[in-house]
Amino acid sequence: MNQVLLVDGLLLREHYRCARSIINVCIDLLYHDHDRDLRGALIERELIPVIPDPRPGDLADADIALLDAEQERHLLEQMKDTFPLPPLAFYQTGGTNDEPVKQESWSNPGEVEAIVRWLQSQGRQLAKWTARAAGRPGESADLASLVAIVTPFRGQAKAIKESIKKHLDGDDPGLSERMTVGTVHTLQGAEKPVVLFSAVNKDSLAIKRTADNHRERVFIDRDDGRLLNVAISRAQKSFILFGHSDLFFSHQALNPNNDLPSAIVGRCLAGVREAAHEALTGAPRHPARKLGPTTLMIVESAHKAGIIQ
């Protein structure tokens, strides 16, 4: 194992939890203080991804009936080492129902609704796919063993759990209690194949980090990326962001000079290439899959389309 001896312990450089595309976002955020020689040439990376991205699988395979012995063996061999969700994906909120609401804690009804819809469709199909990949057609794995839902705010965690109880517990009794739904600290030190992250906040008054604008930043931007790093790095195979367009994908966020953690994550998921920055981090960016919304909008000019996008 690649390791460095320290005076008071051992620093492990190799990362074995997350698929490469997932941990590369964390490297982009935090872990790029690489060892370099006097000329700036790379000697050793601060964090080295070890686990490759899974080969793409197909959720539709969940519905394949039991085959004869040879065909079944071939199918299970094909499904081995695959995963039917992308390593990185996002659901872009921003409609009239997607405004944060402050009560005892912050919540976002639009993100709650989007997450529960995902669980009802993609989540249930993932549970069936997992059982099918284990040679159990017609069955479902426990969705709670596959997915965790993380958010910065207790109010949002409570709203998501209540909505799961209302909309999913009828078909899967006790799911809302079994599933890990909570703040980032709930999942500290833990891991799940899939992590759904609900950001809640809408936009940021700050456009970059300065010594005196701490209160102008949204909550997830106030700790220089550590909260987002924990949320992202809990996902083994797929990290899916549910976040507002204004926070992650606005012109302000996509500006390379914006060093707020939410903006960095937004540019990673959007696949915004920054050659000098990628050379520094050693973490190439590739566009994540957009899961929604899927509304068609027609505008009269390329300039307006760019602003809207």
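## Surface and make-up

Accessible areas here come from the Shrake-Rupley method with a 1.4 Å probe, and for residues only the protein chains shown count as cover. On that basis, the protein has an accessible surface of about 15,800 Å², and carbon and sulfur atoms hold 53% of that area.

This is a predicted model, in which local features need pLDDT of at least 70, side-chain atom pairs count only at pLDDT 80 or more, and totals for chains, interfaces and linings use all residues. Residues are numbered from 1 along each chain as its sequence is written, and side-chain values use heavy atoms, leaving out hydrogens and water.

## Fold overview

You will find eleven helices and 16 strands in the protein; these are DSSP runs numbered from the N terminus, with helices being H or I of at least four residues and strands E of at least two. Of its 309 residues, 46% count as buried (under 20% relative accessible area, with exposed over 50% and partly exposed in between, using a 1.4 Å probe and protein chains only).

Contacts are heavy atoms within 4.5 Å. Among those with a separation of 6 or more, 71% join residues 24 or more positions apart.

## Two positive phi angles

The loop between β14 (192–198) and α6 (226–233) holds V200, and D224 lies in the loop between β14 and α6 too. V200 is not a glycine, yet its phi is positive, about 75°. D224, also not a glycine, has a positive phi of about 60°.

How accessible is V200? V200 counts as buried because its relative accessibility is 0%. D224 has 33% relative accessibility, so D224 counts as partly exposed.

## A cis peptide bond

Finally, look at the bond from G292 to P293: this peptide bond is cis, with omega near -5°. P293 sits in the loop between β16 (289–292) and α11 (302–308).
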